[in-house]
Amino acid sequence: MSKFTAIENFSRRDVLKLFGASGGALMLGASGLGWSPMLAAQTAAFGEEQRLNLFIAIGEDNRVYLTCHRSEMGQGIRTGIPQVLADELEADWDKVVVVQGLADKRYGSQNTDGSRSIRKGFDKMREMGAMARQMLEQAAAERWQVPVTEVYAKAHAVYHKGSDKRLSYGELAMAAAKLPLPDAKTLTLKTPDQFTQIGKGHTIVDMDDMLGGRAIYGADNRPEGLVYAVIARPPVFGSALESMDDSTARKVAGVLDIVPLPVPKGAPAFQPLGGVAVVATNTWSALEGRKALKLSWSKSANDSHNSKTYLDTLKQRVREPGKVARELGSQPASWPEDKMVSAIYTVPYLAHAPMEPPAVIASVDKNGCELWASSQTPQSTQQNVAGMLGIDEDKVKVNVTLLGGGFGRKSKPDFSVEAAFISSKINKPVLLQWSREDELRNGYLHAISAQYYQACIDDKGKVQAILSRTAFPSIGSTFDSAVDTPQPFELDLGFTDIPWDISAVRCEAVKAESHTRIGWLRSVSNIQHGFGVGSFVDELAIANGKSCTAQWRELLGKARVENFANQGFEYGNYGEDQSRHPVDVGRYLKLIDRAEALMAQKPAGKNEGWGFAIHRSFVAYAAVAIKVRLEGDKLTVVDAIALMDAGTVVNPDRVAAQMEGAVMFGLSLALFGEIDFDKGAVTQSNFHDYPLLRLPHCPQITTEIIASRAVPGGVGEPGVPPVAPALANAIVAAGGVRYRELPLSKHLKI
């Protein structure tokens with residue numbers, strides 16, 4: 001295990017103390033969305049407003065301070081970003097200290113979602129490290145009065161090729177800080193065979209603090225005068241507080257105040273849902289005070305929403321034509337019953353259920369607002385809090401704590417907006433704590449959905465045409481109440497972007513109104529689309545008497561790059577240029593080959609079966625094979641194989657962990673995940689009725705990363721979509737029936 005200094009958050013006072021009032025450091029940062037770098041050579045003059053706008057600082061103490069501008073929630077980004085910086089910098093890993101960046105526009109995007117932290121920052125972080133290295137080399141050359149071509153940086157020092165001269169980074173920091181910033185075009189980046197940190201497994205830098213109970217999460221800071229709050233929110237989306245009797249609540253020991261929250265206007269976005277906050281000297285008193293409130297709520301258009309009835313509606317709608325989202329070739333004039341395979345697949349509402357529910361501390365005073373937030377999107381937090389308070393964004397300081405899981409929930413800053421509002425009304429710092437019940441009943445849910453797939457097969461068993469339809473309430477409805485159909489950015493996620501080698505393909509989007517707040521959950525619409533397409537390919541394979549892997553090969557065709565030209569839509573490709581991240585069928589095929597080989601090493605026994613699925617998402621490729629044992633209606637998940645081609649991998653230990661986590665997350669959703677609505681309200685409340693995967697349900701998991709020098713793709717989310725279809729396919733292979741409706745616990749004993 002590598003030695004590593006604990007994560008640190010530095011203030012101006014810390015910087016002065018660290019480097020000394022007369023000391024110095026090389027400080028390198030970035031500004032603007034274009035990542036235009038800037039050099040700050042200040043020490044005593046280092047301004048409070050710029051205190052963490054830095055990626056690299058080298059102190060005279062020879063330590064290197066590397067800023068991570070993304071949020072850590074167990075995925076290891078506070079290790080991965082420093083690894084990339086340290087590699088090009090030629091820094092000694094044992095002399096690196098990680099600094100957590102605050103919310104600041106000058107970092108560019110800080111959104112830690114969409115599996116994009118490394119893929120979006122990889123090249124720029126390399127440039128930052130190389131710039132600092134080149135400046136150190138230039139400083140050494142000037143001190144020795146030799147050409148810069150005669151010096152080189154290696155292992156935290158600069159050497160002279162023609163002698164035994166050597167200077168440490170700390171000895172060069174002051175001189176390097178005075179040099180002009182090199183042009184990015186002049187940089188010489190390492191070749192992959194020269195990497196020393198990229199591709200090396202490192203224990204995450206927060207591990208010791210996490211295991212030792214020293215890690216700081218959203219609820220762990222204690223500013224002076226802190227009070228505690230919980231909120232009673234409307235049980236039905238769209239209803240508002242109509243009347244309140246808080247007399248009993250105010251008598252609860254420890255209760256300090258009762259604060260009504262504003263009723264949201266228009267689409268919910270990241271506004272508070274309304275309701276009333278109970279403020280107390282401790283969380284227990286706040287919760288007890290909330291229980292004592294007597295509240296009545298107004299009627300809502302969603303009062304009659306029932307998720308089971310609505311799912312039946314969606315299943316009926318996908319049988320009818322929708323809005324064409326992609327079309328290749330001409331669909332058959334007729335679909336003979338004996339040559340057609342069709343099926344409908346459904347996924348219920350799903351909740352994020354991170355181990356740490358949303359928690360944030362907000363302190364509002366005349367100078368602005370300071371937050372300590374378990375946030376995946378500190379800039380969005382800053383923007384929305386500023387908007388609610390009616391102050392400038394630079395008056396909102398967002399300290400990013402560790403997150404006890406996120407899965408997309410904590411990229412919605414509504415809970416920070418709520419806390420800031422409460423603090424502004426009581427003039428005290430407040431810790432707003434969501435309970436598990438709050439998180440399940442009032443969060444942003446993954447959409448309920450139905451997908452229809454239909455294929456026409458010729459006499460030789462070859463698929464000639466595929467028609468697919470999808471219906472689910474859109475994330476877009478959270479920001480525009482008029483949106484009632486899946487949007488292109490959601491259809492691109494595993495629905496319109498399957499690279500079929502088929503002469504006729506049509507994809508259609510079907511109307512689906514929203515009845516609650518819809519948000520993004522780990523892998524987003526790929527969850528339902530992966531389940532649908534992965535299950536349907538297996539159904540086609542069975543109909544054609546082929547293995548699932550063979551059917552996938554046939555449907556994908558020969559290795560090629562698919563650009564979806566002249567198919568009626570412009571593919572979003574997760575915000576990436578297709579020339580940089582193409583849809584490469586060859587990468588699919590390599591994963592299929594490898595999965596077959598690994599499954600063959602563990603053949604299925606009596607009452608057992610292997611299921612397989614493959615999926616591309618977040619510009620990475622993932623294949624999952626699952627072996628189950630089926631004894632009557634008792635299901636046991638025995639083995640799982642997870643393969644991933646994510647291009648260049650920074651930290652293979654973390655990628656393997658993310659793959660294992662994706663299998664467990666996907667199994668949890670497929671086996672147990674379901675949020676129900678009755679009379680407009682969520683019926684689940686905690687883990688007794690929204691269970692998660694537990695150790696007895698978890699199989700042996702084998703992971704393998706496909707070696708690649710392609711540019712980095714996503715890692716955190718791509719492993720999830722193939723899990724549910726691989727599991728459903730395995731049940732059929734073990735002699736069970738085809739289940740097209742999740743969760744599987746509705747059909748089998750787990």
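Over residues 212-301 the chain is 17% helix and 29% strand, with the end C-alpha atoms 49 Å apart; helices (H or I, at least four residues) and strands (E, at least two) are DSSP runs, numbered from the N terminus. The model is predicted, so local features need pLDDT of at least 70 and side-chain atom pairs count only at pLDDT 80 or more, while totals for chains, interfaces and linings use all residues. Residues are numbered from 1 along each chain as its sequence is written, and side-chain values use heavy atoms, with hydrogens and water left out. For residues 212-301, an unreviewed UniProt entry gives the feature "domain: Aldehyde oxidase/xanthine dehydrogenase a/b hammerhead". UniProt positions are given in the numbering used here, feature names are shortened, and annotations may be inferred rather than shown by experiment.

Turning to the sheets, three strands in the order β6-β7-β8 make an open sheet with antiparallel pairing, where two strands pair if DSSP finds at least two bridges between them. Its edges are β6 (151-154) and β8 (166-168), each of which pairs on one side only. From one strand to the next, the twist averages 20°. Four bridges link β6 to β7 (residues 157-160) in the antiparallel sense, and Val151 has His160 in β7 as its bridge partner. Helix α4 (residues 169-177) packs on this sheet and touches β6, β7 and β8, its direction making about 80° with that of β8. Contact here means heavy atoms within 4.5 Å; axes are lines fitted to C-alpha atoms, for helices over the stretch in contact, and angles run from 0 to 180 degrees between N-to-C directions.

A second open sheet has five strands in the order β14-β22-β21-β20-β15, with mixed pairing. Since β14 (323-328) and β15 (340-347) stand at the edges with a single partner strand each, one side of each is left without a neighbour in the sheet. On average, neighbouring strands are turned by 10° against each other, direction ignored. Strands β20 (residues 449-457) and β21 (residues 463-471) run antiparallel and are joined by eight bridges, with Ala450 opposite Ala471 in β21. Helix α8 (residues 307-317) packs on the sheet, touching β15, β20, β21 and β22 (504-510), and its direction makes about 25° with that of β20.

Just after α13, Gly545 takes a positive phi of about 70°.

Helix α17 (residues 723-733) is mostly covered, with 10 of its 11 residues buried; among them are Val723, Leu727, Asn729 and Ile731. The buried residues of α17 pack against α13 (526-544), α14 (548-556) and α16 (652-672), and also against β25 (608-617), β26 (620-631) and β27 (634-645).

Finally, Asp113 lies in the loop between β5 (96-100) and α3 (117-144). Asp113 is buried, with a relative accessible area of 13%. Leaving aside residues up to four places away in sequence, Asp113 touches Gln376, Thr377, Ser411, Trp520 and Glu717.

Conventions: Buried means under 20% relative accessible area, exposed over 50%, partly exposed in between (1.4 Å probe, protein chains only).
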